[in-house]
Each structure stands twice: as C-alpha cells, then as structure tokens.
Amino acid sequence: MTQPSAPAKAASQEALPRQHRHYTIGELARMFEVTPRTIRFYEQEGLLAPRREGQKRIYREKDRVRLKLTLRGKRLGFSLAEIREVVTMYDAMPDGNARQLWRLLEILADKRDNLERQLEDIRLMRMELDDVDHRAREVLRSLGHEA
C-alpha cells in the first residue's frame with residue numbers, strides 16, 4: 001500500500017473538522033512566521049504539548065490556538081507567566097473561558113496603566129532634554145557662537 005502524497009495529505013487535513021487537524025512544527029512555523037526554535041521554546045515553557053511520534057512532534061488544533069494566543073500576548077507585552085496563567089485557566093476550569101476573560105481584562109488594565117506611566121516619564125524626560133538644549137544654546141550665544 002502506498003503513502004498518500006503531500007498534496008493529498010494536505011487536502012485530507014483541510015477536510016477534517018478543525019478540532020481533529022494536526023500540524024507539524026514546520027507547518028506551524030510557516031503559519032505564524034516564527035522559527036521552529038521559537039515553537040520548541042514555548043513547548044519547553046509548558047505552553048504547548050505536542051504528541052510525539054518518535055522524534056516527530058504532532059501539534060493538535062489546541063496547540064495551534066495556544067501558539068496564536070501566546071504570540072498575540074507577547075505582541076501586547078504580556079510576560080510568559082501572564083500568558084501561561086490565562087491559557088492554563090482556560091484549560092483547567094469549567095468556567096475557564098469567563099475567568100480567563102476577567103483575568104485578561106485585569107492584565108490589560110495593568111498594561112495600560114504601565115504605558116501611561118511610561119508616556120508621562122517620556123514627556124518629563126523630553127522637557128528636561130529641551131531645557132538642557134535651550135541652556136546650552138544660550139551659553140554658546142553668550143560665548144559668541146551660534147548654534
């Protein structure tokens with residue numbers, strides 16, 4: 001009996017309901033434009049748990065979604081601990097989805113507050129830079145140099 005060709009395998013994967021699909025590390029890497037090393041790192045951190053067939057990793061739809069959430073969380077500035085907390089909450093609890101969303105809102109509020117503090121720090125630093133710039137130019141003018 002012959003093995004199905006790669007295009008035939010891909011077509012059969014597309015026909016499966018999403019929850020029954022599986023992915024290789026290369027497929028996920030291409031899908032999310034990350035390196036396989038990045039995916040292995042998130043696996044090491046406990047965010048992904050692929051099935052193994054010898055040396056080959058087989059990722060389920062759940063892993064694909066977790067990777068998507070992890071990458072989105074990183075883009076938003078979440079720590080791995082925050083990402084793990086939210087994703088684990090969803091997996092472990094019957095009402096995980098609602099609890100996950102409430103926790104997500106808390107984390108977002110913290111991130112927003114932190115960004116506001118950073119913006120204020122930048123604004124103050126810029127005012128100080130402008131002040132030093134102004135004084136340096138005044139001193140140069142008093143010395144007969146134009147700046």
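1. A salt bridge here means a side-chain nitrogen of Lys or Arg within 4 Å of a carboxyl oxygen of Asp or Glu. With that in hand, look at Glu 43, Arg 52 and Arg 57: salt bridges link these residues into a network. Keep in mind as you read on that this is a predicted model.

2. Now the overall layout. The protein has six helices and three strands, and along the sequence they run in the pattern α-β-α-α-β-β-α-α-α. Of its 147 residues, 24% count as buried. As for contacts between residues at least 6 apart in sequence, 48% of them join residues at least 24 apart.

3. H2 covers residues 25–32 and H3 covers residues 36–44, and the two pack with their axes 9 Å apart, at an angle of about 110°. Angles of 65 to 115 degrees count as roughly perpendicular, so that is how H2 and H3 sit relative to each other. On the H2 side, the contact is made by Ile 25, Leu 28 and Ala 29, and on the H3 side by Pro 36, Ile 39 and Arg 40. Sorted by class, that contact has five nonpolar residues, one charged residue and no polar ones.

4. Which residues of H2 are buried? They are Ile 25, Leu 28, Ala 29 and Phe 32. These residues lie on the same side of H2, because they cover an arc of only 100° around the axis. What do the buried residues of H2 pack against? Their partners are H3, strand E1 (22–23), strand E3 (56–60) and helix H4 (61–75). If you have the model open, also check what comes after H2: the helix is followed by Glu 33, which has a positive phi, near 55°.

5. Back to charges. Side chains of opposite charge can pair when their charged atoms come close. How many salt bridges does the structure hold? The count is twelve. One of the pairs is Glu 53 with Arg 51, whose side chains meet at 3.0 Å, N to O. Partly exposed covers the range between under 20% (buried) and over 50% (exposed) relative accessible area. Glu 53 therefore counts as partly exposed, at 44% relative accessibility, and Arg 51 does as well, at 42%.

6. Helix H6 (residues 96–142) holds both members of another pair, Glu 120 and Arg 123. Their side chains form a salt bridge at 2.6 Å, N to O. How accessible are they? Glu 120 has a relative accessible area of 33%, so this residue is partly exposed. Arg 123 is partly exposed too, because its relative accessibility is 41%.

7. Further along H6, Asp 133 and Arg 137 are both in the helix and four residues apart, again about one turn. The side chains of Asp 133 and Arg 137 meet in a salt bridge at 2.8 Å, N to O. Asp 133 comes out at 37% relative accessibility, so this residue counts as partly exposed. Arg 137, at 34%, is likewise partly exposed.

Methods. Residues are numbered from 1 along each chain as its sequence is written. This is a predicted model: local features need pLDDT of at least 70, side-chain atom pairs count only at pLDDT 80 or more; totals for chains, interfaces and linings use all residues. Side-chain values use heavy atoms; hydrogens and water are left out. Buried means under 20% relative accessible area, exposed over 50%, partly exposed in between (1.4 Å probe, protein chains only). Axes are lines fitted to C-alpha atoms, for helices over the stretch in contact, and angles run from 0 to 180 degrees between N-to-C directions. Angles under 35 degrees count as roughly parallel, over 145 as roughly antiparallel, 65 to 115 as roughly perpendicular and the rest as oblique. Contact means heavy atoms within 4.5 Å. Ala, Val, Leu, Ile, Met, Phe, Trp, Tyr, Cys and Pro count as nonpolar, Asp, Glu, Lys and Arg as charged, and the others, Gly among them, as polar. The arc is that of the directions from the helix axis to the C-beta atoms.
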